[in-house]
Amino acid sequence: MRGNVVYIAVAAIFSITAAYARSTVAWLFLILYVLFLFIRKRRLFLVSVVASCLFYLHFVYVDQQNNTHLSDNMTVFLFRLTAPITIEGDRLQTIVNVNGEKLQLVYYIKSSREKQLLSSLLTPGTICKVKGTLERPALPRNPNAFHYRRYLRFHHIHWILTPQSILSQNCHLSSPTIYEQLLSLREKGIRQIEDHFPAETVGIVQALIYGERKQLDEALLEGYQKLGLIHLLAISGLHVTLLVGAVFFLLIRLFTRETATIMLLLLLPVYVVLTGSSPSVIRACLTAMLFLAANYRKMTLPPLDTLSIAFLLMLIADPYMLWDVGFQLSFTVTFALILSSRVIMFCDSTLWRLFWPALIAQLSALPLLVYYFFEMSLWSIILNMIFVPLYSFIILPLSVISVAACAMNPLFSVPFMWLLQKVIVWSDKVVLLFSSSYPLSLTLGRPSFFLLIGYVAAILVAFVQMEKRRYWGIGWVVIVIALHALSPYIDRYGEVVFLDVGQGDCIYIELPYRKAVYLIDTSGTLPQQRETWQQRKRKWDVGKDVVIPFLKSNGVRSLDKLITTHEDVDHIGAAEEIIRTFAVKELLVSKGDGNHSPLQAKLLQLARQKHIHVLNVARGDRWSAGGTSFYVLHPSATDAKDNNNSIVLYAKLGGVSWLFTGDIEEAGEKELVNVFPRLKADVLKVAHHGSATSTTELFLDQIQPKIAVISVGEHNRYHHPSPSVIERLQKRNTLILRTDQHGAVRYTYVKNHGTFSVMLP
């Protein structure tokens, strides 16, 4: 089996995937792989089949056991904290154990005094009795959005517990387990860095020493992500190799090599817990332990076998880990670097020895990066050549020395902290400069299954050719990237998507063959008055968290038109962020009365700075693209105000007529009926989120919509949609689709035929 464990690991991947997906394609790949082994690796055939069966049965068993024993009618809970708490503003979050089952606890703190009390009271091992409610984790409400319920289920969590209150008299600290003691020690170390280190260094040092990123500046973290440098802030093989080497060097000065090896084998599991137990940490520590164990037994274990054994052990411990992004990236990149070690060793200059690992890592991670993050940075390879040695030989060693010196005496660490601060401030400036001013990223969108296969095949060809010192194989990867970038322009399907953006409007229209891409409104996050203690470092923003990820997942790099129906925050609040992120060719605004709100005035100023063509539109304006015409029916050029200043658009898409009404109210509807007495539409975007001031009897009698789409926030404070509006629509047998109940509403069409679908069942 020496040198062949990787084949067992691949068999485990296919069998677990087949067990989870239960699809014909997954089984086909498993069968094809088994046939490949039978033809090319006959001596591995039997053991691989046995391994496949065992992993398949193991996953089925684990998946069947992954069920909840709790019910949503429970109101009283006795829980034990099994993880440190995270407090962000007025929001407290942690993992608790109730009757042997893990729950995600979310509690909204009521005062600054309570915040201080809970931060000192709640530590791992604390037991509390609370009254509260259980609810299921949310399903994705928009296409390609994060699947939170599946994520928690893969971590064996089925419920979110929301307590009414957490009272100190109902909590007591029990005897903590060794694991809980280590977690408390980790939190103490994280706080020590926060208390003693310069503010500019806290987030980076916590990430490098303890794997904790919560204190990192949001813009900086996004910058590292955009530039493909985020792996530097994750504890991985490089960290563990440097640490194990340094500790082993010290230990053999005091003990025998055998004793030093045993001590390291005992310390590494402790280090896993202290650094957050992420998949990359577990992988790195597990491979280090396998290497040390083999060395202790005077054996040599090939690097590929070591990695494959670690892979199998982690899947035995938790087969769900196969779908963890960190797990996939960690093993994929490490596997590629091991296989390409000869290419790197052939390099006879420092520059090339920096270039090839960066290129290999980028190539191997490419399918995963575009699948999960929808884009790739063109700066990644160059910046990795600079930042990898910077972190490896300067920032990481300085961080370790500073933390160790601070633990002995804070005064000892002052010169190291000063130097560390200078280096980190400089590196942060470089990251922010390239990520914000010169991003140079290529948005490709989520690849289809066939494109993913193409990526994998092209990358394998490239690696095989690089082994033979032929570099033309990289051209195949470039070809697949080009096909991916061009794929929307050969797609005969068009679509209309009413995004679920809460209490707001955002409608995406893409014509077949991407003849044009339009966005009608962007929604926006309504400002909330919060006290200082309530303010969160990471604020939820509908533009950054919903609209931009959706557009990127569709491979959108530019918008032909951004249509802002009127000036309300819930319609144009995210428009600035959209303009800063994407190339917008035209910005359409309502002519109306010419008095712009501060928000729209700021938007127009930004549009001028970006050299975006601004069109003031009114009734009578129209445009055509891809054989489809769009007509502006409202407002008139002079007299519209407030919500009745909304742009109303009419179009025919996929054999269906559409009326997009913005927030017009009764007066605007009457004007439409009077000016266009024969106006009808198959699909009506219900105005003003279903407010009682719109969608009148007179208007519905003329429009006669077959389908009404209401863009409205779940449990919104305005109590939209109005029951009277729903009643009027139901009386006319109109099919009602609501984003609060159905999530995003999507119409996909080709020529004159299309299909409606919704995200929520």
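Tutor: Buried means a relative accessible area under 20%, exposed means over 50%, and partly exposed covers what lies in between. The model is predicted.

The position to start from is valine 273, which is placed in helix α10. Its relative accessibility is 12%, so valine 273 counts as buried under the 20% cut-off. The C-alpha atom of valine 273 is separated by 6.9 Å from that of leucine 183, although the two residues are 90 residues apart along the chain.

Helix α10 (257-274) also takes part in the second largest pocket: α6 (178-196), α7 (199-210), α9 (237-251), α10 and α16 (380-408) each supply at least two residues of the lining. The space in this pocket is about 910 Å³. Its lining has 29 residues, and the closest to the pocket centre are Ile209, Leu243, Val247, Tyr271 and Val400. The largest share of the lining comes from α16, which gives eight residues.

Strand β11 has a pairing with β10 (residues 494-498), antiparallel and over four bridges, in which glutamate 495 has glutamate 510 of β11 as its bridge partner. A further antiparallel pairing, again over four bridges, joins β11 to β12, and there isoleucine 507 stands opposite isoleucine 520 in β12.

β11 and β12 form a hairpin with six residues between them. Tyrosine 513 is in this turn and has a positive phi of about 60 degrees, although tyrosine 513 is not a glycine. With a relative accessibility of 39%, tyrosine 513 counts as partly exposed. Histidine 688 is another residue other than glycine with a positive phi, near 55 degrees. The loop between β22 (683-685) and α25 (697-703) holds histidine 688, and this residue is buried, with a relative accessible area of 15%.

Backbone geometry stands out at two prolines as well. The peptide bond from histidine 634 to proline 635 is cis, with omega near 5 degrees, and proline 635 is in the loop between β19 (628-634) and β20 (648-653). The bond from histidine 720 to proline 721 is also cis, with omega near -5 degrees. Proline 721 is in the loop between β23 (707-710) and α26 (723-731).

Charged side chains come next. Side chains of opposite charge can pair when their charged atoms come close. A search of the whole structure gives 27 salt bridges. One of them joins arginine 530 to aspartate 90, with the closest N and O atoms 3.1 Å apart. Arginine 530 lies in the loop between β12 (517-520) and α20 (542-553), and aspartate 90 lies in the loop between β2 (86-88) and β3 (91-98), so this pair ties together parts that are 440 residues apart in sequence. Aspartate 90 is buried, with a relative accessible area of 8%, whereas arginine 530 counts as partly exposed at 30%.

Aspartate 545 and arginine 538 meet in another salt bridge, at 2.6 Å from N to O. Aspartate 545 is partly exposed at 26% relative accessibility, and arginine 538 is partly exposed at 38%. The bridge between arginine 738 and aspartate 740 has its closest N and O atoms 2.7 Å apart. Arginine 738 counts as buried at 14% relative accessibility, and aspartate 740 counts as buried at 10%.

Trp27, Leu28, Ile31, Leu32, Leu35, Phe38 and Ile39 make a nonpolar surface patch of about 670 Å². Isoleucine 31 lies in helix α2 (residues 24-40) and counts as partly exposed, with a relative accessibility of 46%. Valine 273, in contrast, is buried at 12%.

Conventions. Residues numbered from 1 in each chain as written. Predicted model: local features only at pLDDT ≥ 70, side-chain atom pairs only at ≥ 80, totals over all residues. Heavy atoms only, no water. Salt bridge = Lys/Arg side-chain N within 4 Å of Asp/Glu carboxyl O. Buried < 20%, exposed > 50% of the residue type's maximum accessible area, 1.4 Å probe, protein only. Patch = residues over 30% accessible without salt bridge, like charges linked within 9 Å, V, L, I, M, F, W, Y side chains within 5 Å. Areas by Shrake-Rupley, 256 points an atom, 1.4 Å probe, with all protein chains shown as cover. Pairing = 2+ DSSP bridges. 1 Å grid on protein atoms, 1.4 Å probe; cavity = no way out; pocket = protein on both sides within 12 Å on 5 of 7 lines; lining within 4 Å. Points joined across faces, edges and corners; volume = space filled by probe spheres on them.
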